[in-house]
Amino acid sequence: MYEIFEQLLQRYGITAYKVSKETGVTQSTLSDWKRGRSTPKTENMKKLADYFGITVDYLMTGIDTPKQKERELTPKDQRDIAKDLDSIMDKLQSGEKGPASYNGEELSPEAAELFREELEIALKRLKIINREKYTPKKYKK
């Protein structure tokens, strides 16, 4: 299992430390797997599989084909989008001039909610497009 994990680290150009911080799987746990001191718990395997956009089967065996990471949003992507969305909506509702103000006037609650939903869709699409556009060729499959 750890060999496949190392291959994924190389493929995506990231470190085990970064994966540990973003998934909550401790570095000591990863180290124990590497040395064969312990076997991964199901919940940790799921966290790693979700992080890399693959199945748990692929992480265990290396046989299943991984999902396209470029087409899926990671939990970190989701958090970034939510943060950006909240920031834009706060500016809009406060009347502050910014990326979504309308002459400093407040929108109706219905219009604001509709705008929020559409903006969220746009931000998700842009995240995927930008990942494909700006990921160096050496990290692409």
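Is Phe52 buried or exposed? I looked it up: Phe52 has 0% relative accessibility, so Phe52 counts as buried. For my own reference, buried is under 20% relative accessible area, exposed is over 50%, and partly exposed is in between, with a 1.4 Å probe and protein chains only.

**Ground rules**

I am working on a predicted model, where local features need pLDDT of at least 70 and side-chain atom pairs count only at pLDDT 80 or more, while totals for chains, interfaces and linings use all residues. Residues are numbered from 1 along each chain as its sequence is written, and side-chain values use heavy atoms, with hydrogens and water left out.

**Overall**

I counted elements next: the protein has 7 helices and 0 strands, running α-α-α-α-α-α-α from the N terminus. Helices (H or I, at least four residues) and strands (E, at least two) are DSSP runs, numbered from the N terminus.

Of the 141 residues in the protein, 29% are buried. The protein exposes about 9,400 Å², and carbon and sulfur atoms supply 50% of that; the areas are Shrake-Rupley with a 1.4 Å probe, and for residues only the protein chains shown count as cover.

I also checked contacts (heavy atoms within 4.5 Å). Taking those between residues at least 6 apart in sequence, 57% join residues at least 24 apart.

**Rings**

Back to Phe52, this time for ring partners. A search of the whole structure gives 3 aromatic pairs. Rings of Phe, Tyr and Trp (its six-membered ring) pair if their centres lie within 6.5 Å; planes under 30 degrees apart are stacked, over 60 edge-to-face, and the rest tilted.

Phe5 and Phe52 pair edge-to-face, at 6.1 Å centre to centre with 80 degrees between the planes. Phe5 sits in helix H1 (residues 2-12) and Phe52 in helix H4, so this pair ties together parts that are 47 residues apart in sequence. Phe5 is buried, at 0% relative accessibility.

Tyr51 and Phe52 make an edge-to-face pair too, at 5.2 Å centre to centre and 90 degrees between the planes. Tyr51 is buried, with a relative accessible area of 8%. I then followed the ring pairs along: they link Phe5, Tyr12, Tyr51 and Phe52 into a cluster.

**Helix packing**

Two packed helices are described by the angle between their axes and the distance between the axes. Axes here are lines fitted to C-alpha atoms, for helices over the stretch in contact, and angles run from 0 to 180 degrees between N-to-C directions.

I took H2 with H4 to begin. Helix H2 (residues 16-23) packs on helix H4 (residues 42-52) at about 110 degrees, with the axes 10 Å apart. That makes H2 roughly perpendicular to H4. My cut-offs: under 35 degrees is roughly parallel, over 145 roughly antiparallel, 65 to 115 roughly perpendicular, and the rest oblique.

Which residues in H2 and H4 meet? I found Lys18, Val19, Glu22 and Thr23 in H2 against Lys47, Leu48, Tyr51 and Phe52 in H4. That contact divides into 4 nonpolar, 1 polar and 3 charged residues. Ala, Val, Leu, Ile, Met, Phe, Trp, Tyr, Cys and Pro count as nonpolar, Asp, Glu, Lys and Arg as charged, and the others, Gly among them, as polar.

Then H1 with helix H3 (residues 27-35): their axes come within 9 Å and cross at roughly 125 degrees. H1 and H3 are therefore oblique to each other. Tyr2, Phe5 and Glu6 in H1 meet Leu30, Trp33 and Lys34 in H3, a contact of 4 nonpolar, no polar and 2 charged residues.

**Helix H6**

Asp77 is in helix H6 (residues 75-94) and counts as buried, at 8% relative accessibility. What does Asp77 touch, not counting residues up to four places away in sequence? Asp77 touches Glu72, Lys127 and Arg131.

Asp86 also lies in helix H6, but is partly exposed, with a relative accessible area of 35%. Asp86 and Arg116 are 30 residues apart in sequence, and 8.9 Å apart C-alpha to C-alpha.

Last stop, the loop between H4 and H5. Gly53 is in that loop and counts as buried, at 5% relative accessibility. From Gly53 to Thr74 I get 7.5 Å, C-alpha to C-alpha, across 21 residues of sequence.

Thr55 is in the loop between H4 and helix H5 (56-61), and is partly exposed at 22% relative accessibility. The C-alpha atoms of Thr55 and Met45 are separated by 9.2 Å, with the two residues 10 apart along the chain.
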